[in-house]
Structures are given as structure tokens and as C-alpha cells.
Amino acid sequence: MAGGTSLVLANVDGRICALLDQCSHEEYPLSDGELEGGDLVCAYHGARFDACTGARKALPAVLPVQSFPVEVRDGDVYVDIG
Ligand code: FES
């Protein structure tokens, strides 16, 4: 959680990325899914998103998921939720 916004963080080859923790298909939490390479795969119906940009990569989702800028400083993760 950050400022009341649920996030899902992913470590993609050492890069920390943050997406809204809500699938664009039926709004289930993406944090229940699995990271496959650079893709976050929704546990519920298999939609696939780029874990860093939130771009939709596979049906049944048709819309992207919001992504947020991330900065790591001294081991702490900062997410700009706007
Ligand atoms: S809720 Fe994520 S694919 Fe359906």
C-alpha cells in the first residue's frame, strides 16, 4: 500500500517495478499472480502484462494496468503514486 493505493511490486532482473494491484480484466489483485520473465500473469484468467510498463500482452484483458515510477535509495523502495 502507498497512500491508500494498492501496488504490486516486481523485481525484473534487478529492476523494481510497480503496477496498480488490480487486473484490468475483472479487478482481481495482480499480486496473486506469477512473474514470468518480465511479464506479470494474472492468477485468475491468465491475462498477461508487462510488469514494468503495465502494457497488456495477452487476453482476456484488453486494457493496460497503471504503472508508477519507482526509485530505490539505500535499499528502500519509493513509488511515486502522483
Ligand atoms: S481478473 Fe485478471 S485475467 Fe481476469
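1. A disulfide is a pair of cysteine sulfur atoms within 2.5 Å. By this rule, the structure holds one disulfide. The partners are C17 and C52, whose sulfur atoms lie 1.9 Å apart. The torsion about the S-S bond of C17 and C52 is about 60°, so the disulfide is right-handed. The bond links distant parts of the chain, since C17 belongs to strand β2 and C52 to the loop between β5 and β6 (56–58), 35 residues apart.

2. On the basis of this note: the model is predicted, so that local features need pLDDT of at least 70 and side-chain atom pairs count only at pLDDT 80 or more, while totals for chains, interfaces and linings use all residues. Residues are numbered from 1 along each chain as its sequence is written, and side-chain values use heavy atoms, with hydrogens and water left out.

3. C23 counts as buried because its relative accessibility is 2%, and C42 counts as buried because its value is 5%.

4. On the sheet: helices (H or I, at least four residues) and strands (E, at least two) are DSSP runs, numbered from the N terminus. Two strands pair if DSSP finds at least two bridges between them. In general, strands of a sheet pair through backbone hydrogen bonds, either parallel or antiparallel. Here an open sheet of three strands has the order β1-β2-β7, and its pairing is antiparallel. Its edge strands, β1 (7–12) and β7 (67–68), each pair on one side only. Strands β2 and β7 are joined by two bridges, and A18 stands opposite F68 in β7.

5. V70 is placed opposite V79 in β9. Two residues lie between the strands of this hairpin, and D74 takes a positive phi near 50°.

6. On the nonpolar core: such a core is a set of buried Ala, Val, Leu, Ile, Met, Phe, Trp, Tyr and Cys residues joined through side-chain atoms within 4.5 Å. The largest one has 15 residues, and those with the most contacts inside it are V12, C23, L30, L40, A47 and F49. Strands β1 and β2 each supply at least two residues of this core; the largest share, three residues, comes from β1. Contact means heavy atoms within 4.5 Å. Leaving aside residues up to four places away in sequence, A47 touches C23, L40, V41, C42, A58, L59, P60 and A61.

7. On the aromatic rings: rings of Phe, Tyr and Trp (its six-membered ring) pair if their centres lie within 6.5 Å; planes under 30 degrees apart count as stacked, over 60 as edge-to-face and the rest as tilted. The count by this rule is one aromatic pair. Y28 and Y44 form this stacked pair, at 4.3 Å centre to centre and with 20° between the planes. Y28 lies in the loop between β2 (15–20) and β3 (34–36) and Y44 in the loop between β4 (39–41) and β5 (48–50), so the pair ties together parts that are 16 residues apart in sequence. Y28 counts as partly exposed at 37% relative accessibility, as does Y44 at 35%.

Conventions
Buried means under 20% relative accessible area, exposed over 50%, partly exposed in between (1.4 Å probe, protein chains only).
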